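Reader: I am new to this structure and would like to learn how to read its features one by one. Could you take me through them, giving the general idea before each case?

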Amino acid sequence: STATVTCTLNGVGAGHALVIGIYSASVTSVTSSSGTPASVISNYATYEGEGDFNVYLLSNTAAGNITITSNASSSGNVNSIVVDEYSNVAASPLDGSATGSCSGYCTTVSSGNFTTTAASDMLWSMCNADQNYPTPGTVPITWTALLAQGGPGGSGYEDYSVEDGVAGAAGTYYGECATAYLSSIATVALKAGSGGPPTAATPTFSPVAGAYGPAQSVTISDS
């Protein structure tokens, strides 16, 4: 069977970059309602085999609402998409990428090394693990958790997380997550623009958090 997953971001800023992480089986295409996402990491088989990591980058976004659509040739056991928006990025932001896996019991999982060409890159990593949530790594930079997502549950299913952090001087870096068992990671680096390191957009919620009597329709926007 085939599987399609969509994600809509409201209020995307002009000239920003969207990092699109997909955890799914056999992704065949990724499209956008505005612009064409570029493949950075394609169908990297995670160790447990429930799904592959795919990472796409949509640069120089137009202002407004943008819908990302992922199409896969198989629905598999996992079919998820996460999109992070960054401001203050270079016009051609990609500055490195790598993947890696841990095949047994391990306290961390790391990607391969890559060499950045600019200072203050934003490093972004997506990690998965068998039946445990990966948490932010501790090296070679300070990592901050962006997302922790549970899988369907049960033996053989996986959880995943997303993290980011700012690098220092240009040089050799890698991604790292803390984990316990059968884990994989995909990492990309984004060049900074002229105004300092790239910055992740902060979501806003409408209506705001609070206690409501009737059911509410909630809109999440970027700012």
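This is a predicted model: local features need pLDDT of at least 70, side-chain atom pairs count only at pLDDT 80 or more; totals for chains, interfaces and linings use all residues.

Reader: How many disulfides does a search of the whole structure find, and which pattern do they follow along the chain?

Author: The search finds two, and with bonded cysteines counted along the chain the pattern is 1-2, 3-4. The other link joins Cys-127 to Cys-177, with an S to S distance of 1.7 Å, and with 65° about the S-S bond it is right-handed. This pair links distant parts of the chain, since Cys-127 is in strand 11 and Cys-177 is in strand 16 (residues 176-178), 50 residues apart. Strands here are DSSP runs of E with at least two residues, and helices are runs of H or I with at least four, numbered from the N terminus.

Reader: Are these cysteines buried or exposed?

Author: Buried means under 20% relative accessible area, exposed means over 50%, and partly exposed lies in between, with a 1.4 Å probe and protein chains only. By that rule both Cys-102 and Cys-106 are buried, and both Cys-127 and Cys-177 are buried as well.

Reader: How should I read a sheet, and what is the strand order in the open sheet of three strands?

Author: Strands of a sheet pair through backbone hydrogen bonds, either parallel or antiparallel, and two strands are taken to pair if DSSP finds at least two bridges between them. The open sheet of three strands has the order 9-16-12, with antiparallel pairing, and its edge strands, strand 9 (108-110) and strand 12 (135-136), each pair on one side only. Two bridges join strand 12 to strand 16, and Pro-136 has Cys-177 as its bridge partner in strand 16.

Reader: What is the order in the open sheet of five strands?

Author: That order is 4-5-2-7-18, again with antiparallel pairing, and the edge strands are strand 4 and strand 18 (199-200). Seven bridges join strand 2 to strand 5, and the bridge partner of Ile-22 in strand 5 is Asn-54.

Reader: How many residues does the largest nonpolar core have?

Author: In soluble globular proteins, nonpolar side chains tend to be buried together. A nonpolar core is here a set of buried Ala, Val, Leu, Ile, Met, Phe, Trp, Tyr and Cys residues joined through side-chain atoms within 4.5 Å. The largest one has 20 residues, and those with the most contacts inside it include Val-19, Tyr-86 and Trp-124. Among the strands that each supply at least two residues of this core are strand 2 (17-24), strand 7 (79-87) and strand 11 (122-130). A second, separate core has 14 residues, including Val-5, Ile-20, Ile-22 and Ile-66.

Reader: Why does Thr-187 count as buried?

Author: Thr-187 counts as buried because its relative accessible area is 0%. Thr-187 lies in strand 17, and a polar contact of 2.7 Å joins its side chain to that of Ser-125. A polar contact is a pair of N or O atoms within 3.5 Å; within protein, one must be able to donate a hydrogen and the other to accept it, and residues adjacent in sequence count only if both atoms are side-chain atoms.

Reader: Where does the cis peptide bond occur, and which phi does Leu-182 have, positive or negative?

Author: Most residues other than glycine have a negative phi, and most peptide bonds are trans. A cis peptide bond joins Val-139 and Pro-140, with omega about -5°, and Pro-140 is in the loop between strand 12 and strand 13 (144-149). Leu-182, although not a glycine, has a positive phi of about 45°.

Technical notes
Residues are numbered from 1 along each chain as its sequence is written. Side-chain values use heavy atoms; hydrogens and water are left out. A disulfide is a pair of cysteine sulfur atoms within 2.5 Å.
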